[in-house]
Amino acid sequence: MDAIWKAGKLRTGIMGGTFDPIHNGHLALADTAYRQLGLDHVLFLPARIPPHKQNRPAGATPLQRVRMTQLAISGYPYFSLDQEEMCRDGISYTKDTLLRLKRNEPETEFFFIIGADSLMSFDTWYHPEIICSCCHLAAAIRDDFPLEVLQKKSEELEARFQASVFILNIPKMDISSTMLRGLCRQEKSIRTYVPEAVADYIEENNIYGGSGQNEQL
Ligand code: ATP
Ligand code: MG
């Protein structure tokens, strides 16, 4: 990792997700956080088994999700891949990831970057108070959660868990991996929603195949 040390503390964004597949919404979210929060860089952390998706239908393999993430971030010098969750056995708890990062770099300020759906369910995550003690949250609007709802939720999390929440100024992006897997199954193009190299990789490996052999919904 090319750590860029400023006079003050290093500011690191963390973009966690299943990335099945990674899409332009993830990239725009991370890029906006990078710019608006003055981050030094952003780590992309594909989850091996996300706690809330333990029974998700089979999509891409973990290795394919890592490869798609690598391809997607390759044009951004301030984005990098962290494979620790992928290498760790069992469920990928954000709490464990944050504790590990903070232990390795106690002086760094971490910003965990999430969409509104994640912010709204944050209090159901495993040990939210520990996560909040390790990082700030950087949240963006998504789906049917408008800004006011996010602001109210942020205040609630600040009161309950001493969270420090930044709301990013970003237009709503109507895109999800679920939608893209659906388009693939219908043999429709997803090229406007993912980087070209990711679209090529998905097609070459028939990851979400039109015949539906990889995922039954
Ligand atoms: P899926 O539909 O499979 O759940 P997803 O598009 O929600 O996929 P995830 O990997 O679940 O992608 O998301 C990782 C993080 O990125 C989450 O915090 C999520 O809220 C955020 N995110 C993903 N897409 C968007 C979007 N279009 N706008 C804002 N945040 C987003
Ligand atoms: Mg999701």
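Colleague: How many bridges join strand 1 to strand 4, and which way do they run?
Modeller: In this predicted model, 5 bridges join strand 1 to strand 4 (residues 109-115), and the two run parallel. Within that pairing, G13 stands opposite F111.

Colleague: And how many bridges join strand 1 to strand 2?
Modeller: There are 6 bridges between strand 1 and strand 2 (residues 41-46), again with the strands parallel. Here T12 stands opposite H41.

Colleague: What do strand 1, helix 1 and strand 2 make?
Modeller: They make a β-α-β unit that is right-handed, with helix 1 covering residues 24-36.

Colleague: Is strand 1 enclosed or open?
Modeller: Strand 1 (residues 11-17) is largely enclosed by the rest of the structure, because 5 of its 7 residues are buried.

Colleague: Let us look at one residue of strand 2. Is F44 buried or exposed?
Modeller: F44, which lies in strand 2, counts as buried because its relative accessibility is 0%.

Colleague: Which residues is F44 in contact with, leaving aside its neighbours within four places in sequence?
Modeller: The contacts of F44 include M15, F19, I22, L27, A30, T69, I73 and F79. S80, L81 and D82 are also among them. As for T69, its C-alpha atom is separated from that of F44 by 7.7 Å, although the two residues are 25 apart along the chain.

Colleague: Changing topic: which residues of helix 9 are buried?
Modeller: In helix 9 (residues 196-205), V198, A199, Y201 and I202 are buried. They lie on the same side of helix 9, because they cover an arc of only 165° around the axis.

Colleague: Why would such a spacing put residues on one side?
Modeller: An α-helix has 3.6 residues a turn, so residues three or four places apart point the same way.

Colleague: What do the buried residues of helix 9 pack against, and what is on the other side?
Modeller: The buried residues pack against helix 2 (62-73) and helix 8 (177-185). On the other side of helix 9, E196, E203 and E204 are exposed. After helix 9 comes N206, with a positive phi near 45°.

Colleague: Finally, how many disulfides are there?
Modeller: The count comes to 0 disulfides. C132 is in none, and the nearest cysteine sulfur, that of C135, is 6.5 Å away.

Colleague: Are C132 and C87 buried or exposed?
Modeller: C132 is buried, with a relative accessible area of 9%, whereas C87 counts as exposed at 62% relative accessibility.

Key: Residues are numbered from 1 along each chain as its sequence is written. Chains are lettered from A and ligands numbered from 1 in the order in which they are written. This is a predicted model: local features need pLDDT of at least 70, side-chain atom pairs count only at pLDDT 80 or more; totals for chains, interfaces and linings use all residues. Side-chain values use heavy atoms; hydrogens and water are left out. Buried means under 20% relative accessible area, exposed over 50%, partly exposed in between (1.4 Å probe, protein chains only). Helices (H or I, at least four residues) and strands (E, at least two) are DSSP runs, numbered from the N terminus. Two strands pair if DSSP finds at least two bridges between them. A crossover is right-handed if, with the strands pointing away from the viewer, the path from the first strand over the helix to the second runs clockwise. The arc is that of the directions from the helix axis to the C-beta atoms. Contact means heavy atoms within 4.5 Å. A disulfide is a pair of cysteine sulfur atoms within 2.5 Å.
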